[in-house]
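Trainee: I am new to this structure and would like to understand the words used to describe it. Could we go through them slowly, setting each value against its cut-off?

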Amino acid sequence: MVLRPFNAPGARLALRTKRASPSLAGGAGDSEIILDLSRLLSRSFHAAPTGIDRVEYVYARELLERMPDRLSFAAVHPAGGYYGRLNTAAVRQFLASTAAKWRNPGQYDAGEGKAAAIRHMFATRPRPVPRATRPRIYLQVSPHHLDDPAQVGAILRAEGAKFVTLVHDVIPLSHPEFARPQGAKEHLRRVRSIDAFAHGIIGNSQATIDALAPHLQRGLAGRAIRVAHFGADAPDIFGTPKEDVPDRPYFVYISTIEPRKNHLLLLNIWRRLIETLGDEAPMLVLIGRRGWENENVIDMLERGEVLRGHVIEAGEVSDNRMQALLTHARAMLMPSFIEGFGMPVVEALAAGVPVICSDIIAHREVGGDAPDYLDPLDGLGWMQMIRAYVAENSPERAAQHMRIAQWRAPTWRDYFDVITGLLEEVTESVY
């Protein structure tokens, strides 16, 4: 990564900027919004996006449409120092290239993709932070560097800005057994940053806000709080799906392979389905990269001969291919033990694809009455439901299609109406 760093080795923060004035006139709608793009820039060399990558992308695209005269971009250098401001024209080009890469990553070979990423990195090289002429709000929608409270505080002081952040989940604190070995400690530092600096907090679900509250020493009072469900109509990401899909009934599971996602349940069910139905057993397509702490699942995928030809580990795929596989599936399965939101549930329902998912608070909040819910430990129940959905004239599947027709998909337009209201509230209450 060819970049001209703004920080010397070992320095936490160095900026060519003058401190912003602490008192600036300005009312609602008059603040400058500084969107942090650290996550997207750090993922420049990855062909396939994560859910958080998508969210940061949509924030950039939507806010550019809504408030181009108020929006600025900033980021943290991968080495740890603050980038400073990013050129908006270069950011626009970077976003367009990112969307094209996500749609068809196969068109970007390793060399070309790396070269393109370096070009965009250079184009978005840091600029000095200008003197503030109106109130500033620093908006961060990923956990990228929240585990360093000192750096977050230094950035906010350099910008003279108030802080608004999006919380995706607190699973490493509420369920540390599902996190990486140091995940709980790292996430606690993120929550400490939020607790110390956030004037506004966005929750992707009420379940996330409820889970966050006990971990905030200062509590939620005195902050602007909003719950907003991610939209299911992401702009400029999906193209027209023209992909081959399995020629016999199949189900999909869209998820990183990690313990809380409960892949082991599905693999054991598929073993039993194959033993019972033989070649008439449906297929299972797993979409998503391999994560951590999943030795038993990987052993079954790599050494479970009986699963071959019936369970397909597709890995990270293009957005076009993911959409095609989802659209033609008998149902999307999601037996996870805990979620902050459950975006695949929303995306499947929005595409008119039935969902069979675990009966947890986050899924109920976003899915409403549409999906079929099962306890994530109820193996026999899951197997019976999957067998019921395989049939071409499945009454259970037909009944869910009728419920989906009554379900209202969340939209990004509605989402950003909520976010805009939060930003104005922070501007009014703080300045």
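Mentor: What follows is a set of questions about the terms used for this predicted model, each answered from its values.

Trainee: Why is Ser-72 called buried?

Mentor: Ser-72 has a relative accessible area of 14%, and buried means under 20%, so Ser-72 falls in that class. Ser-72 lies in strand S2 and, leaving aside residues up to four places away in sequence, touches Glu-32, Ile-33, Ile-34, Leu-35 and Arg-85.

Trainee: What makes Ala-213 partly exposed?

Mentor: The relative accessible area of Ala-213 is 27%, while buried requires under 20% and exposed over 50%; Ala-213 is therefore placed in between, as partly exposed. Ala-213 lies in the loop between helix H8 (206-212) and S7, and its C-alpha atom is separated by 9.8 Å from that of Asp-195, 18 residues apart along the chain.

Trainee: How do you know that S2 and S3 pair?

Mentor: Pairing needs at least two bridges between the strands, and four bridges join strand S2 (residues 71-76) to S3, the two running antiparallel. One example is Ala-74, whose bridge partner in S3 is Arg-85.

Trainee: What makes S6 a partner of both S5 and S7?

Mentor: The same cut-off of at least two bridges applies: strand S5 (residues 162-167) is joined to S6 by five bridges in the parallel sense, and S6 pairs with strand S7 (residues 224-227) over four bridges, also parallel. On one side Val-167 has Gly-203 of S6 as its bridge partner, and on the other Ile-202 has Arg-226 of S7. Strand S6 (residues 198-203) is also mostly covered, since five of its six residues are buried.

Trainee: In what order do the strands of this open sheet run, and what is the pairing called?

Mentor: Seven strands form the open sheet, in the order S3-S2-S1-S4-S5-S6-S7, and the pairing is mixed. Strand S3 (82-86) and S7 are called the edge strands, as each pairs on one side only. Neighbouring strands of this sheet are turned by 20° against each other on average, with direction ignored. Helix H2 (residues 51-66) packs on the sheet, touching strand S1 (32-36), S2, strand S4 (136-140), S5 and S6, and its direction makes about 155° with that of S2.

Trainee: Why is H9 called oblique to H14?

Mentor: Helix H9 (residues 263-277) and helix H14 (residues 379-390) pack at an angle of about 55°, with their axes 10 Å apart. Roughly parallel would need an angle under 35 degrees and roughly perpendicular one of 65 to 115, so H9 counts as oblique to H14. The crossing of H9 and H14 is right-handed. Among the residues of H9 in this contact are Leu-265, Ile-269, Trp-270 and Arg-272, while those of H14 include Trp-382, Met-383 and Arg-387. By class, the contact of H9 with H14 divides into nine nonpolar, two polar and two charged residues.

Trainee: Which residues make the contact between H5 and H7?

Mentor: The axes of helix H5 (residues 149-159) and helix H7 (residues 183-197) come within 9 Å and cross at roughly 30°, in a right-handed crossing. The contact is made by Pro-149, Val-152, Gly-153 and Leu-156 of H5 and by Arg-189, Ser-193 and Phe-197 of H7, which gives four nonpolar, two polar and one charged residues.

Trainee: Finally, what makes helix H12 mostly covered?

Mentor: Six of the eight residues of helix H12 (residues 343-350) are buried, namely Pro-344, Val-345, Val-346, Glu-347, Ala-348 and Leu-349. These buried residues pack against several elements, including strand S8 (250-254), helix H11 (319-327) and helix H15 (395-406). H12 is followed by Gly-352, whose phi is positive, near 80°.

How values were computed. Residues are numbered from 1 along each chain as its sequence is written. This is a predicted model: local features need pLDDT of at least 70, side-chain atom pairs count only at pLDDT 80 or more; totals for chains, interfaces and linings use all residues. Side-chain values use heavy atoms; hydrogens and water are left out. Buried means under 20% relative accessible area, exposed over 50%, partly exposed in between (1.4 Å probe, protein chains only). Contact means heavy atoms within 4.5 Å. Axes are lines fitted to C-alpha atoms, for helices over the stretch in contact, and angles run from 0 to 180 degrees between N-to-C directions. Angles under 35 degrees count as roughly parallel, over 145 as roughly antiparallel, 65 to 115 as roughly perpendicular and the rest as oblique. A crossing is left-handed if the near helix is turned anticlockwise from the far one by less than a right angle, and right-handed if clockwise. Ala, Val, Leu, Ile, Met, Phe, Trp, Tyr, Cys and Pro count as nonpolar, Asp, Glu, Lys and Arg as charged, and the others, Gly among them, as polar.
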